[in-house]
Amino acid sequence: MPREPSTGLLPGSAGVLAELFSGELLFLLGFLGKADLIAGPVRLEIVDSGYGLSIADSVALVSTVDHPTAAFTGPLEAAIRLIAGG
């Protein structure tokens, strides 16, 4: 089934999913993430969201990113869709 490129998450859903992916569903990113395919650690700041992505031995959505190695400047909603594979 083709995906609609203009489709996004409902308002507020990105924040709820970010809370879940950084808490109760943290194991899911660690399980589905492919951290072993990255040459070195990545600390991605999701700018102005209060979240970041840490990729080292596993993948985790974190609430703080110390000394980011990269930045995502799009909305949290877009970052969550990328993380979740949507």
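**Entry 1: Arg43 and the sheet**

I looked up Arg43 in this predicted model and found that Ser54 is its bridge partner in S2. Strands here are DSSP runs of E with at least two residues, helices are runs of H or I with at least four, and both are numbered from the N terminus. I then checked S1 against S2: the two run antiparallel and are joined by 5 bridges. Two strands count as paired if DSSP finds at least two bridges between them.

I traced the sheet next. It is open, has 4 strands in the order S3-S2-S1-S4, and its pairing is mixed. S3 and S4 are the edge strands with a single partner each, so one side of each has no neighbour in the sheet.

**Entry 2: Conventions**

I number residues from 1 along each chain as its sequence is written, and side-chain values use heavy atoms, without hydrogens and water. As the model is predicted, local features need pLDDT of at least 70 and side-chain atom pairs count only at pLDDT 80 or more, while totals for chains, interfaces and linings use all residues.

**Entry 3: Confidence**

I read the pLDDT, the predictor's confidence in each residue from 0 to 100. The chain average is 89, and 92% of the residues score at least 70. By element, the lowest mean is 88, in helix H2 (residues 26–32), and the highest is 97, in S4.

**Entry 4: Helix H3**

I placed H3 against the sheet: it lies across S1, S2, S3 and S4, at about 110° to S4. Such angles run from 0 to 180 degrees between N-to-C directions, with axes fitted to C-alpha atoms, for helices over the stretch in contact.

I listed the buried residues (under 20% relative accessible area, 1.4 Å probe, protein chains only). In H3 (residues 76–84) they are Leu76, Glu77, Ala78, Ala79 and Ile80. Their cover includes helix H1 (13–21) and strands S1 (42–46), S2 (51–55), S3 (59–62) and S4 (70–72).

I looked at Glu77 on its own. Not counting residues up to four places away in sequence, Glu77 touches (heavy atoms within 4.5 Å) Gly8, Leu9 and Ala14.

Just after H3, I noted a positive phi of about 85° at Gly85.

**Entry 5: Core**

I found 15 residues in the largest nonpolar core, where Leu61, Leu76 and Ile80 have the most contacts. H1, S1, S2, S3 and H3 each give two or more residues to this core. A nonpolar core is a set of buried Ala, Val, Leu, Ile, Met, Phe, Trp, Tyr and Cys residues joined through side-chain atoms within 4.5 Å.

Technical notes: Buried means under 20% relative accessible area, exposed over 50%, partly exposed in between (1.4 Å probe, protein chains only).
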